[in-house]
Amino acid sequence: MGVFPHSKLAIQEFQFKQFTIRHDRSAMKVGTDGVLLGAWASPPTVNGQQSTINCLDIGTGTGLIALMLAQRFPDAQIMGIDIDEASVREAKYNVEASPFKERITIRQQDFSHFGNFLNKYDLIVSNPPFYKEDTLSGNIARDIARHTTSLSFGTLVANTAKLLAEGGLFSVIIPTQSALEFISICIANRLYLTRRTNIRPREIKPFNRVLLEFSTTIRPTENSALTLYNADHKRTPEYVQLTKDFYLT
């Protein structure tokens, strides 16, 4: 969905209510997809109560989603990983400048090789690369961040299934046309769809993104839809409600 409408100018920082994101070096800039996932992902619970959780943000980029999770879940410990060195440096900068730096760790890591992970995670989130090879731009860092050649859905899901704690949750945002494929891969890895929100920019537009949540346990699936903007290009009440703790206006 790209960057926000009011950030078309080449600004270097994006100000949220409790933290600021610098995004001039990261391969992926601050965008609507990341904000939606960070605001939408739900924490796992134990006997109906939110537990102290370990979170993993795969492809953290600027650290945006990791910071959003830290703001939302005060008891969470969060690991953000990215394959791109420049993104890791920028994410570390953003985390260090935030009030949540004691609870977030940023590390350069290729998720295709996950043997260095020692912990199980209660919540794993990812705004994964989803473009195919025929859309390569020639910008190596950006192509790695955006294209499945760097991390396929199959590898992402298989490794996530191995790292997810029993009863844990896995949340992603992907293009709507990729949902059936992604859900099928998750089922093959014993991850089961528990929540789905279809996203469209405006009512007259088709759904083009989908938020998906999976669990290690089978439960009924909650389905919903979200329209981002009204006909007058203002955020809908539902979008405002979802992101009210983050956007300044």
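**Close-up views of a predicted model**

**Figure 1. Surroundings of Asp-82.** Beyond its neighbours within four places in sequence, Asp-82 is in contact with Gly-59, Thr-60, Gly-61, Ser-87, Val-88, Arg-107, Gln-108 and Gln-109. The view, like those that follow, is taken from a predicted model. Asp-82 belongs to strand β6, which covers residues 77–82. Although buried, Asp-82 has no salt bridge, and Arg-89, the nearest side chain of opposite charge, is 11 Å away. The side chain of Asp-82 instead reaches two backbone nitrogens: that of Asp-84 at 2.9 Å and that of Thr-60 at 3.4 Å.

**Figure 2. Helix α2 and the largest nonpolar core.** Helix α2, residues 64–72, is mostly covered, with eight of its nine residues buried. The buried residues are Leu-64, Ile-65, Ala-66, Leu-67, Met-68, Leu-69, Ala-70 and Gln-71. The largest nonpolar core comprises 41 residues, and those with the most contacts inside it are Phe-16, Phe-19, Leu-36, Leu-64, Leu-69, Ile-78 and Ile-104. Two or more residues are given to this core by each of α1 (32–40), α2, α3 (85–96), β7 (104–108), β8 (121–126), β9 and β12 (222–229). Helix α2 supplies the largest share, seven residues. In soluble globular proteins, nonpolar side chains tend to be buried together.

**Figure 3. Phe-19 and its contacts.** Phe-19 is one of the residues with the most contacts inside the largest nonpolar core. With neighbours within four places in sequence left aside, Phe-19 is in contact with Phe-14, Leu-64, Leu-67, Met-68, Gln-71, Ser-98, Phe-100 and Phe-246.

Figure 4. In strand β11, residues 209–215, seven of the seven residues are buried. Side chains in a regular strand alternate between the two faces of the sheet. Both faces of β11 are covered: one side carries the buried residues Arg-209, Leu-211, Glu-213 and Ser-215, and the other carries Val-210, Leu-212 and Phe-214, also buried. Strand β9 (residues 164–175) runs antiparallel to β11 and is joined to it by seven bridges, with Phe-170 standing opposite Phe-214. Strand β10 (residues 192–202) is likewise antiparallel to β11 and joined to it by seven bridges; here Thr-197 has Leu-211 as its bridge partner. Six residues lie between β10 and β11, which form a hairpin.

How values were computed:
Residues are numbered from 1 along each chain as its sequence is written. This is a predicted model: local features need pLDDT of at least 70, side-chain atom pairs count only at pLDDT 80 or more; totals for chains, interfaces and linings use all residues. Side-chain values use heavy atoms; hydrogens and water are left out. Buried means under 20% relative accessible area, exposed over 50%, partly exposed in between (1.4 Å probe, protein chains only). Helices (H or I, at least four residues) and strands (E, at least two) are DSSP runs, numbered from the N terminus. Lys and Arg count as positive and Asp and Glu as negative; His and the chain ends are not counted. A salt bridge is a side-chain nitrogen of Lys or Arg within 4 Å of a carboxyl oxygen of Asp or Glu. A polar contact is a pair of N or O atoms within 3.5 Å; within protein, one must be able to donate a hydrogen and the other to accept it, and residues adjacent in sequence count only if both atoms are side-chain atoms. Contact means heavy atoms within 4.5 Å. Two strands pair if DSSP finds at least two bridges between them. A nonpolar core is a set of buried Ala, Val, Leu, Ile, Met, Phe, Trp, Tyr and Cys residues joined through side-chain atoms within 4.5 Å.
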